[in-house]
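Colleague: I have the model open and want to know what stands behind the labels. Can we go through them one by one?

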Amino acid sequence: MSGLFASVAPPYRAKGFWPRPVPTGSKACYLPAWERPDQEIGEDELQCMLRENADCGISLLMGSPLSDGTTLGALDIDRDDYVGSQKRCWAAIRPAAGSA
């Protein structure tokens with residue numbers, strides 16, 4: 001297998017992330033039930049996803065569990081004037097480095 005998704009998804013998956021294919025020119029995964037965690041999909045279906053979407057781009061499913069016990073999340077802020085308030089909110093709720 002060659003292609004972006006086929007080459008970069010396995011290393012992400014090995015680190016515990018849940019990669020999903022994204023067609024060129026899109027920002028969304030269009031696979032049925034794409035939001036299921038990898039554990040619910042099964043290895044055969046994951047391998048099929050790699051083969052059939054080898055040339056797609058990659059996205060990471062939010063909620064992927066991380067090794068420190070947290071989960072992957074993101075903020076998509078589309079207005080520059082909201083960035084400062086989001087930084088202040090994030091600083092107020094995130095644990096101090098090393099306290100987890």
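Colleague: Why is Phe-17 called buried?

Modeller: This is a predicted model, so every value here is computed from it. Phe-17 has a relative accessible area of 18%. Buried means under 20%. Phe-17 therefore counts as buried.

Colleague: What makes the pair of Tyr-12 and Phe-17 edge-to-face?

Modeller: The structure holds 1 aromatic pair. The ring centres of Tyr-12 and Phe-17 lie 5.9 Å apart, and their planes meet at 75°. Pairing needs centres within 6.5 Å, and planes over 60 degrees apart count as edge-to-face. Both conditions hold, so the pair is edge-to-face.

Colleague: Is Tyr-12 buried, exposed or partly exposed, and why?

Modeller: Its relative accessibility is 35%. Buried is under 20% and exposed is over 50%. Tyr-12 falls in between, so it counts as partly exposed.

Colleague: How do you know that Leu-75 is exposed?

Modeller: Leu-75 has 60% relative accessibility. The cut-off for exposed is over 50%, so Leu-75 passes. Leu-75 sits in the loop between strand 2 and helix 4 (83-93). Together with Ile-77 and Tyr-82, Leu-75 forms a nonpolar surface patch of about 290 Å² accessible area.

Colleague: Which residues make up the largest nonpolar core?

Modeller: There are 7: Phe-5, Ala-9, Ile-41, Leu-46, Met-49, Leu-50 and Cys-56. Helix 1 (4-14) and helix 3 (43-52) are the elements that each give two or more of them. Helix 3 gives the most, with 3 residues.

Colleague: Which residues cover the two sides of strand 1 as buried positions?

Modeller: On one side, Pro-19 and Pro-21 are buried; on the other, Arg-20 and Val-22 are. Both faces of strand 1 (residues 19-22) are covered.

Colleague: What makes Ala-33 stand out?

Modeller: Ala-33 has a positive phi of about 55°, although it is not a glycine. Most residues other than glycine have a negative phi. Ala-33 lies in the loop between strand 1 and helix 2 (38-41). At 34% relative accessibility, Ala-33 counts as partly exposed.

Conventions: Residues numbered from 1 in each chain as written. Predicted model: local features only at pLDDT ≥ 70, side-chain atom pairs only at ≥ 80, totals over all residues. Heavy atoms only, no water. Core = buried A, V, L, I, M, F, W, Y, C linked by side-chain atoms within 4.5 Å. Buried < 20%, exposed > 50% of the residue type's maximum accessible area, 1.4 Å probe, protein only. Helix = DSSP H or I, 4+ residues; strand = E, 2+ residues; numbered from the N terminus. Patch = residues over 30% accessible without salt bridge, like charges linked within 9 Å, V, L, I, M, F, W, Y side chains within 5 Å. Areas by Shrake-Rupley, 256 points an atom, 1.4 Å probe, with all protein chains shown as cover. Salt bridge = Lys/Arg side-chain N within 4 Å of Asp/Glu carboxyl O. Phe/Tyr/Trp six-rings, centres within 6.5 Å; stacked < 30°, edge-to-face > 60°.
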